[in-house]
Amino acid sequence: MTELAAVKSALKTQAVETPSWAYGNSGTRFKVFAQAGVPRDPWEKLRDAAKVHEFTGVAPTVALHIPWDKVEDYAKLAAFARELGVSPGAINSNTFQDDDYKLGSICHPDAQVRRKALDHLLECVDIMDATGSSDLKLWFADGTNYPGQDDIRARQDRLAEGLAEVYGRLGAGQRMLLEYKFFEPAFYSTDVPDWGTAYAHCLKLGEKAQVVVDTGHHAPGTNIEFIVATLLRENKLGGFDFNSRFYADDDLMVGAADPFQLFRIMYEVIRGGGFSPDVAFMLDQCHNIEAKIPAIIRSVMNVQEATAKALLVDRDTLAAAQRSGDVLEANAVLMDAYNTDVRPLLAEVRADMGLDPDPIAAYRRSGWVQKIIEERVGGQQAGWGA
């Protein structure tokens with residue numbers, strides 16, 4: 001197999017998970033702008049997700065969020081998804097919206113509140129069992145706003161105790177993915193603020209616990225690819241939440257703010273053996289002013305482009321330059337790959353897969369947007385909290 005054929009073959013195996021909540025109305029803390037045709041329930045979210053997979057060919061799973069995607073029969077929801085050609089992905093918990101969680105959830109000083117949060121997390125594992133999902137994704141808004149508000153070490157003890165209980169509930173083939181975020185909504189201390197804290201807890205828990213890297217959850221200037229390389233080296237990278245930021249956690253489309261960073265991340269993924277089903281590539285984005293389905297399709301394409309460029313890096317030439325200390329040549333090898341226009345290559349890959357070479361154009365011609373605008377009249381549109 002030629003090098004180019006190997007690249008094309010690898011690209012055909014890529015899978016990008018789309019988040020159910022991205023199909024609903026979302027926005028900033030100031031305003032959510034409603035759009036016509038937005039899904040009104042999890043079933044309609046799945047129908048939109050299936051359209052993304054139909055036109056990209058590489059979005060076969062949909063992350064669910066509980067309780068935003070709460071239904072009476074999760075096995076039925078999973079069966080419906082599979083009829084559409086997709087399947088449930090990670091189950092995302094929510095321990096940040098109830099009034100009880102004002103001072104935290106599983107780190108809260110009140111044992112009753114901690115119990116409530118843990119019961120929710122255990123419910124999410126039950127939903128994993130019902131849907132066939134293998135991943136439980138955890139993000140906690142827990143933290144403090146003022147020095148002295150709570151005991152920092154005690155909160156870590158509570159976190160460890162809670163995670164251990166949930167970890168013990170996981171079944172065969174299931175894992176826990178722990179996400180971190182360095183601030184917001186807690187401004188003085190956040191209980192899982194960085195990859196080191198998440199890694200320390202996952203290391204203690206065992207092999208079923210791994211770290212999630214959200215590309216928007218870092219301070220400006222953070223070398224995210226170093227974090228990725230380190231976690232891969234330790235076999236603790238469980239997946240990504242892909243998005244972009246200019247300032248903080250902006251949840252913009254992946255690759256929109258710094259496509260070069262996305263390329264560098266994907267190179268370390270490939271270099272470290274992370275281009276496999278063991279590392280989940282999921283979008284976690286907020287489509288506030290842009291049309292949702294085309295934005296998600298474009299995001300999937302952005303991940304594909306960064307991956308294609310990373311696969312084109314001449315690793316032998318790069319390694320030789322690194323060994324000889326040729327700094328400029330080593331950098332040039334990376335830049336040559338990054339500056340390659342991979343859009344024709346990806347068009348060929350899509351054609352080989354029986355897809356339209358231009359997913360956005362194909363979606364616009366499909367008439368889906370007109371169909372859902374006409375059909376989804378009335379009812380309560382899905383969004384944050386629904």
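The questions and answers below concern a predicted model.

Biologist: What is the volume of the largest pocket, and which residues lie nearest its centre?
Modeller: The volume of the largest pocket is about 1200 Å³. Its lining has 36 residues. Those that lie nearest the centre are Lys181, Glu184, Asp249, Asp251 and Trp384.

Biologist: How many residues of each class are in the lining of the largest pocket?
Modeller: The lining is 36 residues in total. By class, these are 15 nonpolar, 9 polar and 12 charged residues.

Biologist: Which strand gives the most to the lining of the second largest pocket?
Modeller: The second largest pocket holds about 430 Å³ of space and is lined by 24 residues, with Ala15, Thr61, Pro277, Val279 and Ala280 nearest its centre. The elements that give two or more residues to this lining are strand 3 (87-92) and strand 10 (280-283). The strand that gives the most, with 4 residues, is strand 3.

Biologist: Why is strand 3 described as largely enclosed by the rest of the structure?
Modeller: A residue counts as buried when its relative accessible area is under 20%. Strand 3 is largely enclosed because the number of its 6 residues that are buried is 6.

Biologist: Which residue of strand 4 stands opposite Ile91?
Modeller: Strand 3 and strand 4 (residues 135-138) also run parallel, joined by 2 bridges. With helix 4 (residues 111-131), strand 3 and strand 4 make a right-handed β-α-β unit. The residue opposite Ile91 in strand 4 is Leu136.

Biologist: Which side chain is joined to that of Thr18 by a polar contact?
Modeller: Thr18 is found in strand 1 (residues 18-19). Thr18 counts as buried because its relative accessibility is 0%. At 2.9 Å, a polar contact joins the side chain of Thr18 to that of Tyr23.

Biologist: Which strand gives the most to the lining of the largest cavity?
Modeller: A search of the whole structure finds 2 cavities of 30 Å³ or more, and the largest holds about 50 Å³ of space. Its lining has 6 nonpolar, 1 polar and 4 charged residues, including Glu17, Asp135, Lys137 and Asp241. Strand 4, strand 9 (237-242) and strand 10 each supply at least two residues of that lining. The strand that gives the most, with 3 residues, is strand 9.

Biologist: Which residues line the second largest cavity?
Modeller: The volume of the second largest cavity is about 40 Å³. By class, its lining has 3 nonpolar, 3 polar and 3 charged residues. These residues are Lys181, Phe182, Phe183, Glu184, Gly216, His217, His218, Ala248 and Asp249.

Technical notes:
Residues are numbered from 1 along each chain as its sequence is written. This is a predicted model: local features need pLDDT of at least 70, side-chain atom pairs count only at pLDDT 80 or more; totals for chains, interfaces and linings use all residues. Side-chain values use heavy atoms; hydrogens and water are left out. On a 1 Å grid over the protein atoms alone, a cavity is a set of points where a 1.4 Å probe fits but cannot get out, and a pocket is an open set with protein on both sides within 12 Å along at least five of seven lines; lining residues have an atom within 4 Å of a point. Grid points are joined across faces, edges and corners, and a volume is the space filled by probe spheres set on the points. Ala, Val, Leu, Ile, Met, Phe, Trp, Tyr, Cys and Pro count as nonpolar, Asp, Glu, Lys and Arg as charged, and the others, Gly among them, as polar. Buried means under 20% relative accessible area, exposed over 50%, partly exposed in between (1.4 Å probe, protein chains only). Two strands pair if DSSP finds at least two bridges between them. A crossover is right-handed if, with the strands pointing away from the viewer, the path from the first strand over the helix to the second runs clockwise. A polar contact is a pair of N or O atoms within 3.5 Å; within protein, one must be able to donate a hydrogen and the other to accept it, and residues adjacent in sequence count only if both atoms are side-chain atoms.
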